[in-house]
Amino acid sequence: MKINKILYWTCTILLCLLMAYSASMYFTSTEMIKGFFESFNYPTYIVIPLAILKVLGIVMILWRKITWLTEWAYAGFFFDMVLATAAHYYAGHGILGFSLYGLLLIFPSYFLGKQIRA
């Protein structure tokens, strides 16, 4: 059980740091991020709301008091990472990147978190 807790917290902290870095880039380099969104044919008006939702998702994943909101936070992070990975791949940036690493961190964080709470 101890190894599961270590793995859970390692993956969860890394995932939250990755999402916090992403949100900070959205807040501090908004015009650059909007340029990326335009190149991916994504609407630019979602940059700041997406950054706010990432911060709220981090809070919910670390807090874990309201189960359904924690589930939604993981789902939001999952879809964000899948779409980001696909967008970068189709833009010619390759598949390896922060979004793929985040996608790989979501699964152990989510499933080990359910196991530890049960």
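Is Arg64 buried or exposed? In this predicted model, Arg64 counts as buried because its relative accessibility is 12%, and buried residues are those under 20%. The following report places that residue in the wider fold, beginning with the chain as a whole.

## Overall architecture

The secondary structure of the protein chain comes to five helices and zero strands. Read from the N terminus, the elements follow the order α-α-α-α-α. The C-alpha trace spans about 45 × 25 × 20 Å along its principal axes.

Of the 118 residues, 35% count as buried. The accessible surface comes to about 7,300 Å², and carbon and sulfur atoms contribute 73% of that area. Among contacts with a separation of 6 or more, 63% are between residues 24 or more positions apart. As for charge, the chain holds 8 positive and 4 negative charges, and their mean positions lie 20 Å apart.

## Two loop residues with positive phi

Most residues other than glycine have a negative phi. Against that background, two residues deserve attention. Arg64, although not a glycine, has a positive phi of about 55°. Arg64 is located in the loop between helix 3 and helix 4. Asn41 is likewise not a glycine and has a positive phi of about 60°. The loop that holds Asn41 runs between helix 2 (30–39) and helix 3.

The surroundings of these residues may be stated in terms of accessibility. Asn41 has a relative accessible area of 70% and is therefore exposed, since the cut-off for exposed is over 50%. Arg64, at 12% relative accessibility, is buried.

## Salt bridges

How many salt bridges does the model contain? The count comes to two. The table lists both pairs.

| Acidic residue | Basic residue | N to O distance |
| Asp80 | Lys54 | 3.4 Å |
| Glu71 | Lys114 | 3.0 Å |

In the salt bridge between Asp80 and Lys54, distant parts of the chain are linked: Asp80 belongs to helix 4 (residues 67–90) and Lys54 to helix 3 (residues 47–63), 26 residues apart. Asp80 is buried, as its relative accessible area is 15%. Lys54 also counts as buried, at 4% relative accessibility.

The salt bridge between Glu71 and Lys114 joins helix 4, which holds Glu71, to helix 5, which holds Lys114, across 43 residues of sequence. Glu71 counts as partly exposed, with 29% relative accessibility. Lys114 is partly exposed as well, at 39%.

Several residues show how helix 4 is placed relative to other parts of the chain. Met81 lies in helix 4 and is buried, with a relative accessible area of 4%. Apart from neighbours within four places in sequence, Met81 is in contact with Leu18, Met19, Phe98, Ser99, Gly102, Leu103 and Ile106. The C-alpha atoms of Met81 and Ser99 are 5.1 Å apart in space, although the two residues are 18 residues apart in sequence.

Phe98, one of the contacts of Met81, lies in helix 5 (residues 98–117). What is the relative accessibility of Phe98, and how does that residue count? Its value is 56%, so Phe98 counts as exposed. With neighbours within four places in sequence left aside, Phe98 is in contact with Leu18, Tyr21 and Met81. Between the C-alpha atoms of Phe98 and Ala84 the separation is 9.2 Å, and these residues are 14 residues apart along the chain.

Phe78 is also placed in helix 4. Its relative accessible area of 27% makes Phe78 partly exposed. When residues up to four places away in sequence are not counted, Phe78 touches Leu103, Ile106 and Phe107. Leu103 and Ile106 are also among the contacts of Met81.

How values were computed:
Residues numbered from 1 in each chain as written. Predicted model: local features only at pLDDT ≥ 70, side-chain atom pairs only at ≥ 80, totals over all residues. Heavy atoms only, no water. Helix = DSSP H or I, 4+ residues; strand = E, 2+ residues; numbered from the N terminus. Buried < 20%, exposed > 50% of the residue type's maximum accessible area, 1.4 Å probe, protein only. Contact = heavy atoms within 4.5 Å. Salt bridge = Lys/Arg side-chain N within 4 Å of Asp/Glu carboxyl O. Areas by Shrake-Rupley, 256 points an atom, 1.4 Å probe, with all protein chains shown as cover. Lys, Arg positive; Asp, Glu negative; His and termini not counted. Charge placed at Lys NZ, Arg CZ, Asp CG, Glu CD.
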